[in-house]
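Take a look at the structure first, then read on.

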Amino acid sequence: MPQAVRFNEYGGLDVLQVVDVDRPVPGAGEVLVRVRAAGINPGEAKIRSGALAELFPATFPSGQGSDLAGVVDEVGEGVTGFAVGDEVIGYTDNRASQAEFVVVEAGHLVHKPAGVSWEAAGSLFVVGATAYAMVRAVSVSAGDTVVVSGAAGGVGSVAVQLARNAGATVIGLASEPNHAWLASHGVIGVSYGDGVADRIQAAADGKVDAFLDTMGGGYVELALDLGVRPERIDTVADYSAKKTYGVKVDGNAAGASPEVLAELAGLIDSGKLEIPIANVYPLDRVQDAYRELAQGHTHGKIVLHP
């Protein structure tokens with residue numbers, strides 16, 4: 001029988017199990033994908049712990065995961081554009097991608113370009129759509145100076161590259177060991193911590209036009225102190241700042257579409273975007289994967305291989 005990640009109650013890593021399940025059957029307009037890679041994300045850990053139970057309640061037993069890439073194994077009635085054997089990238093809204101097989105709406109899939117690795121493809125949707133929405137929200141363009149907090153993380157590492165592709169000067173806040181990677185992508189690395197405002201101003205030559213916050217914890221206030229206008233600040237970690245300061249909070253939901261996914265995959269295929277991969281785990285080590293994620297300071301994505 002195929003296997004899938006399940007949890008039967010809110011809790012710590014120990015509630016995550018890999019269990020035998022029936023092979024899913026696609027309905028009308030759906031595609032069955034044999035998963036080759038599935039990324040993991042901090043939001044999934046928060047859902048599993050119960051921290052988001054009021055906002056995103058779970059129905060038990062619950063599956064887990066949105067990001068996926070794999071091979072079409074079966075197509076449902078009325079599906080056009082996909083055939084058995086096609087390599088695809090996609091996402092599911094049903095918390096189900098961390099499994100050997102997953103049923104996906106055909107409208108949530110795009111074809112995987114040959115130059116995109118399974119690991120990058122399987123972890124692209126959540127961070128890619130989020131970063132895309134953030135850069136678009138603050139209208140990044142040539143000549144801008146943009147600061148990105150958490151610049152070496154999953155979302156941040158994509159956002160800095162998209163901002164550079166738009167022609168901006170990009171300052172990435174990250175720990176010292178990640179500065180070499182940032183520099184290799186044309187990004188000015190600045191260490192966070194005491195004195196960060198002075199370091200940003202020095203790197204920016206006194207001019208900061210936009211700020212993308214992936215971390216929370218006071219970065220919106222820092223951006224305002226640097227003179228950035230509220231409409232050119234976007235945060236995906238401090239949602240109360242929208243009401244308090246009038247900043248933007250565009251994230252994954254604002255960027256979620258197959259068109260965006262296809263555009264991002266095309267950028268990877270053409271060498272204009274990299275999805276850093278921090279580590280890869282087999283499906284039966286899902287607890288270890290989320291344990292590494294919980295440690296923080298991960299450069300890039302952690303991926304499951306069913």
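## S62 and its neighbours

Leaving aside its neighbours within four places in sequence, S62 is in contact (heavy atoms within 4.5 Å) with V5, R6, F7 and R95. You'll find S62 in the loop between α1 (42-49) and β4 (67-75); helices (H or I, at least four residues) and strands (E, at least two) are DSSP runs, numbered from the N terminus. S62 has a relative accessibility of 4%, so it counts as buried. For the cut-offs, buried is under 20% relative accessible area, exposed is over 50%, and partly exposed is in between, with a 1.4 Å probe and protein chains only.

A word on what you're looking at: this is a predicted model, where local features need pLDDT of at least 70 and side-chain atom pairs count only at pLDDT 80 or more, while totals for chains, interfaces and linings use all residues. Residues are numbered from 1 along each chain as its sequence is written, and side-chain values use heavy atoms, with hydrogens and water left out.

## The whole chain

The protein chain has eleven helices and 14 strands. With 306 residues, a compact globule would have a radius of gyration near 19 Å, and the chain agrees at 19 Å. That radius is taken over C-alpha atoms, and the globule rule is 2.2 Å times the number of residues to the power 0.38. Along its principal axes, the C-alpha trace spans about 60 × 40 × 35 Å.

Buried residues make up 51% of the 306. Among contacts with a separation of 6 or more, 66% are between residues 24 or more positions apart.

Searching the whole structure turns up one cavity of 30 Å³ or more. Here the search uses a 1 Å grid over the protein atoms alone: a cavity is a set of points where a 1.4 Å probe fits but cannot get out, a pocket is an open set with protein on both sides within 12 Å along at least five of seven lines, and lining residues have an atom within 4 Å of a point. The largest cavity has a volume of about 40 Å³, and its lining is F7, E44, I47, G63, Q64, G65 and R95.

The second largest pocket holds about 410 Å³ of space. Of its 27 lining residues, T92, N94, R95, A96 and V102 are the closest to its centre. β1 (3-6) and β6 each supply at least two lining residues, and β6 gives the largest share, five residues.

## H108

Which loop holds H108? H108 lies between β6 (101-105) and β7 (109-111). With a relative accessible area of 12%, H108 is buried. Not counting residues up to four places away in sequence, H108 touches I89, G90, Y91 and D93.

## Helix α4

How far apart are the end C-alpha atoms of α4? They sit 17 Å apart, which agrees with the 16 Å that its twelve residues (154-165) should span at 1.5 Å a residue. That expected span is 1.5 Å times one less than the number of residues.

Ten of the twelve residues of α4 are buried, so the helix is largely enclosed by the rest of the structure. The buried ones are G154, V155, G156, S157, V158, A159, V160, Q161, L162 and A163. Just after α4, G167 takes a positive phi of about 95°.

Note on methods
Grid points are joined across faces, edges and corners, and a volume is the space filled by probe spheres set on the points.
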